[in-house]
Amino acid sequence: MTSDGSTAPLAIELRGIVKRFPGVVANDGVDFDLRPGEVHALLGENGAGKSTLMNIVAGLYRPDEGEMRVDGRPVRFRSPRDAIAAGLGMIHQHFALVPSQTVTENVLLGLDRPRFLLGLAKHDEEMAALAAGLGLKVDPRAKVWQLSVGEQQRVEVLKMLYRGAHVLIMDEPTAVLAPQEVDELFRTLRAMTASGRSIVFISHKLAEVLAIADRITVMRRGRVTASGIAAAGTSKGDLARLMVGREVLGSVERTMFRPGAVVLSMRDVHAENDKGLPALRGVSLDVRAGEILGIAGVAGNGQSELAQVVTGLRPFLGRIEIAGDVAERRSARDAIRRGVAHVPEDRTGVGSAPNLSITDNLIMKAYREAPIAHGWVIDVSAARRMAESLKDEYSIAAPSIDTLARLLSGGNLQRLILAREIESKPSLLVAVQPTRGLDVGAIEAVHRLLMARREAGAATILISEDLDEILGLSDRVAVIYEGLILGTFDVAEADVQELGLLMTGGTGGLPLEVAPILPGVPGA
Ligand SMILES: Nc1ncnc2c1ncn2[C@@H]1O[C@H](COP(=O)(O)OP(=O)(O)O)[C@@H](O)[C@H]1O
Ligand SMILES: [Mg+2]
């Protein structure tokens, strides 16, 4: 409380925040300032460290280093409860509501004070008044299971406001909303800032950040690349560059591109994701021998499904030809027979057998053939010789070839997978996030291996959320957004800003039906 009795608006200062997870520094010395009454957007690509930083502010994670002050006072939260008590509330990407209970019951849930002190009807009125004050359309008596996702989000907002949040952190709130709901949300956010609250708005979408934010902080690979810049006067192009970076990795040698015959041809390929929703919506592309085709995109736009249909792991409609032959639908055996190798996103589930030895993991693809197989029998000493030489050649650091795969570090496990896949001499290599979570040395090793395979004439699809990696390795780059290829460019001519815009569904000057259209937002 301030001296005049009104509730003090909160300012937050973060200094030098470091948060490490195994194999990755999610926040690497981050400073961040939130002023009272502002909408501050936290912008960055997937994996940039946005959620981690705000989970720290919201008391869910504790930082390894750095400090946080609220209104000038140092704070250390041990739980979200502490954060809420200090006036900071976060709404996560996945909601935590009880479907069988009403809106009011959900808002009251978990509060210390007796829940039905006033009687439920009185509480319903209280909720309705709170909601109306901010233009939040939601019926206090409705059961949560009856509500749309957008309405459920409003319940989460209500919950935080009822608990007295002065700072509301929203993690990618528009991801689940239809355009008209985005418009409504923005109106609510404006109403909240007008009443002295402040908002941290996490997003990777440039257009909406520019539409709602007063100031913008951009993160990239755990670091801040722009700190609290004014949204006014900032362009999408500026933001795209800050978000995806301009510098291209210079570490790999590359020869001139000598494309050969088409190895992979996809025509009008459709596929669903695990939830049965459309994930690929008519993908057509060609990859030629000796070429790396990079697929750039923000996670969750169909990249995983693209890799899975090509490697025979997922059913599809449309036509896929590998070296001129029609590929069987959903047959990993058929794909392997046609010379398709897969460096999967999931290294421990799909990519390797954690409880088998290095040797067993290395021979997984070769055990049916000489010299490993003699008729029905596996030649154990041939297998061991092969494993020893691959362990050397690919610098897999482990005590011995009998070490279990699950004991390898991320970088060494990835080298093992690459060794096995590359030694199968594939004509088509599908590499998905091949360097995610690896340290710099391991990243370089993986890049060299991919380039060597290209030199040997393989066609490669490189799927990565790291645009630098794509630009550093690929001959051509295709941008995928919501299951569609929005454009394909020669890397030499690719413009980072245009790629960045396409990756976030921006139009980049192209008339696209999938481009989000943001309605005008009334000022506060
Ligand atoms: N609980 C966790 N355990 C291990 N790694 C994590 C965890 N949360 C995030 N990470 C890693 O930290 C990095 C930053 O993630 P995150 O903060 O979720 O990014 P963003 O929200 O910007 O997409 C990523 O590399 C991610 O894989
Ligand atoms: Mg996140």
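Trainee: Let me start with two helices. Are α4 and α5 roughly parallel or roughly perpendicular to each other?
Mentor: This is a predicted model, to begin with. In it, helix α4 (residues 120–133) and helix α5 (residues 149–162) pack at an angle of about 100 degrees. Angles of 65 to 115 degrees count as roughly perpendicular, so α4 and α5 are roughly perpendicular to each other.

Trainee: How far apart are the axes of α4 and α5?
Mentor: The axes are 11 Å apart.

Trainee: And which residues make the contact?
Mentor: From α4, H123, E126, M127, L130 and A131. From α5, L158, L161 and Y162. By class, six are nonpolar, one is polar and one is charged.

Trainee: New topic. What is the strand order in the open sheet?
Mentor: Six strands, in the order β16-β19-β20-β13-β21-β22, with mixed pairing. On average, neighbouring strands are turned by 20 degrees against each other, ignoring direction.

Trainee: Which strands stand at the edges?
Mentor: β16 (340–343) and β22 (484–490). Each has a single partner strand, so one side of each is left without a neighbour in the sheet.

Trainee: What about β13 and β21, parallel or antiparallel?
Mentor: Parallel. Four bridges join β13 (residues 292–296) to β21 (residues 476–481). In one of the pairs, L293 has R476 of β21 as its bridge partner.

Trainee: Which helix packs on the sheet?
Mentor: Helix α9 (residues 303–310) does. α9 touches β13, β16, β19 (428–432), β20 (459–464) and β21. Its direction makes about 150 degrees with that of β19.

Trainee: Now T504. Where is T504 placed?
Mentor: T504 lies in the segment after α16 (496–503).

Trainee: Buried or exposed?
Mentor: Buried, because the relative accessibility of T504 is 6%, and the cut-off for buried is under 20%.

Trainee: What is T504 in contact with?
Mentor: Setting aside neighbours within four places in sequence, T504 is in contact with H204, L206, M243, V298 and Y481. The C-alpha atoms of T504 and V479 are separated by 9.8 Å, and these two residues are 25 apart along the chain.

Trainee: Last thing. What pLDDT does the chain average?
Mentor: The average is 86, and 90% of the residues score at least 70. Over residues 246–251 the pLDDT is below 50, and that stretch has eleven contacts beyond near neighbours in sequence. Residues 508–524 are also below 50, with 32 such contacts in the model. Where pLDDT is low, the predicted coordinates should not be read in detail.

Terms used: Residues are numbered from 1 along each chain as its sequence is written. Chains are lettered from A and ligands numbered from 1 in the order in which they are written. This is a predicted model: local features need pLDDT of at least 70, side-chain atom pairs count only at pLDDT 80 or more; totals for chains, interfaces and linings use all residues. Side-chain values use heavy atoms; hydrogens and water are left out. pLDDT is the predictor's confidence in each residue, from 0 to 100. Contact means heavy atoms within 4.5 Å. Buried means under 20% relative accessible area, exposed over 50%, partly exposed in between (1.4 Å probe, protein chains only). Two strands pair if DSSP finds at least two bridges between them. Axes are lines fitted to C-alpha atoms, for helices over the stretch in contact, and angles run from 0 to 180 degrees between N-to-C directions. Angles under 35 degrees count as roughly parallel, over 145 as roughly antiparallel, 65 to 115 as roughly perpendicular and the rest as oblique. Ala, Val, Leu, Ile, Met, Phe, Trp, Tyr, Cys and Pro count as nonpolar, Asp, Glu, Lys and Arg as charged, and the others, Gly among them, as polar.
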